[in-house]
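Hi,

Here is the structure I promised to pass on to you. Have a look at it first, and then read my notes below.

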Amino acid sequence: MEASVILPILKKKLAFLSVGGKDRRSGLILTIPLCLEQTNMDELSVTLDYLLSIPSEKCKARGFTVIVDGRKSQWNVVKTVVLMLQNVVPAEVSLVCVVKPDEFWDKKVTHFCFWKEKDRLGFEVILVSANKLTRYIEPCQLTEDFGGSLTYDHMDWLNKRLVFEKFTKESTSLLDELALINNGSDKGNQQEKERSVDLNFLPSVDPETVLQTGHELLSELQQRRFNGSDGGVSWSPMDDELLAQPQVMKLLDSLREQYTRYQEVCRQRSKRTQLEEIQQKVMQVVNWLEGPGSEQLRAQWGIGDSIRASQALQQKHEEIESQHSEWFAVYVELNHQIAALLNAGDEEDLVELKSLQQQLSDVCYRQASQLEFRQNLLQAALEFHGVAQDLSQQLDGLLGMLCVDVAPADGASIQQTLKLLEEKLKSVDVGLQGLREKGQGLLDQISNQASWAYGKDVTIENKENVDHIQGVMEDMQLRKQRCEDMVDVRRLKMLQMVQLFKCEEDAAQAVEWLSELLDALLKTHIRLGDDAQETKVLLEKHRKFVDVAQSTYDYGRQLLQATVVLCQSLRCTSRSSGDTLPRLNRVWKQFTVASEERVHRLEMAIAFHSNAEKILQDCPEEPEAINDEEQFDEIEAVGKSLLDRLTVPVVYPDGTEQYFGSPSDMASTAEHIRDRMKLVSLKRQQLRHPEMVTTES
């Protein structure tokens, strides 16, 4: 029976065990305070049954002293209560003290003698006044109602009793549950590893709360025992049995033991739950990476056929990487959890944890390697297409340059254009070499693609990529070869044009040189010599000078002929050959006329000086020659003819005229000839009139 069930009856205080009170035999004191109102015997019986269930068997064996307080009740009620004790606690009651009122009941009423009924009742009954009660019970063991010093608070005792019963009930139930959980855990430890934890195995109440309640209850009991009541009276050892302090301590010890085992079970279950959760998450990561994740990568095998296509594939790959990064984040978290469990885990879990960690790491690293490989492949494809596009633009620019007809203004512009053409061709060579390197690197990467294909045959897809790469490189090679052929033709044409311009420039230079020679002939080649020997030297120099002019003219003619041949080869008309050739011929004719005039004058001067020198020299061996008048006449005629020729200009074929030297130069030459003619004339006179010479002498 629990106090909570009959709480309203217990609150009426129909009977109570004075906590701490005992009779002279150390038996418990049961007090039944009767009141003026009619006592409900059923409720009293229930109260007595409950109170008598509290003491231990050892305590009950010492017997009870029952105090029936009849001071406020009637005799028949007291009698009924005493007789009821026979049925309720006949073996435990050793003495019944009926406290009579000051005004004793009518003798007729009390004619019934309890002492005569001792054998039938099983206990002794005495009538005693309140002040005489100390004869049987020590004052310190009596409550204040009977003149004693023992303090008793019925509601406090009832509240403590409720707490004790609640603790006893909860702790007993909790012990059964914990024992069931712990024993079940020990028996089913292996099976529990193969299934998830059943939440129904959790206790119905919080063990911590029950333990705290028990400790508080025990502390209260121990404090009241050792500190005594408010009146300062210490409790006897019987109180421990009455208030079940040992029972509380025993329950607490059992609870702590079972709770410690339960905590270990919970720890094992928690660890197992965590391990199973980790295993479940690991399998989720592994299944996704090996399933949808790998399928996404297998579906992305192309490299694109242009920069835009490769960029689109890269964007798609970034989306795939974004999805993978979420699972990789889960992998990192799981790896931390597994590492923590490995540091604090049991040896029996180490193998499984390491296996999970290895499996997870292998799959994640393999998938990360595949993602990185795919990213590198797309980046290489993007670079390849970028180089191919740049090379294509270079080839287009070179082809456009080759398709435009060359119309340079001079040889320098042709050289500049040719240099630019060579630079573009060299740039194309460098670009094509770079394309080959990028393409070969991309082909090498594609050849390694089968290593992560998970058994899928990627030969067809790889063949398309390989064919595309090789096709691009071959196409660029063909375009470059066509451009090289066109560059060779253009180079030859431009070199011929350079040669043409050079020939035209050299031909014009030859005309200038010939004009300078003509000008030098007319302006500086004017002396006729002072004697025959000097004149012969001048004639010889003039012939060499003419040879130089002849070589210059021939060189110019050859250049002009080469110009004609180059123009025919280039299928163009020379800009200067039509003007240069007439100029060359005109200057050459003028030079020829002037040169012939110079030769005639020098030859006449040689003849004049030779004859004059013969006459002027006294040569006895040839007197006949000297005396020949014809010689004098011839010298005079040659001299006059030479003087006349000096005054005549050179007449060119076109009718223009040009004089040798300046008038002063011609006057000086003429004066020298006249002086020589005077000497010859004087010599002639001497030969004719020798006496004139003698007379003058």
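How many residues does helix H4 have, and how far does helix H4 reach from its first C-alpha to its last? Helix H4 (residues 75–88) has 14 residues and reaches 20 Å, close to the 20 Å expected at 1.5 Å a residue. That expected span is 1.5 Å times one less than the number of residues.

Before going on, please note that this is a predicted model, where local features need pLDDT of at least 70, side-chain atom pairs count only at pLDDT 80 or more, and totals for chains, interfaces and linings use all residues. Residues are numbered from 1 along each chain as its sequence is written, and side-chain values use heavy atoms, leaving out hydrogens and water.

The chain has 20 helices and 7 strands; these are DSSP runs, numbered from the N terminus, with helices (H or I) of at least four residues and strands (E) of at least two. Of its 697 residues, 42% count as buried, where buried means under 20% relative accessible area, exposed over 50%, and partly exposed in between (1.4 Å probe, protein chains only).

Back to helix H4: its buried residues are Trp75, Val77, Val78, Val81, Val82, Met84, Leu85 and Val88. Their cover includes helix H2 (41–52) and the strands S2 (28–33), S3 (64–69), S4 (93–99) and S5 (124–128).

Lys13 counts as partly exposed because its relative accessibility is 26%.

Enjoy exploring!

Methods
Contact means heavy atoms within 4.5 Å.
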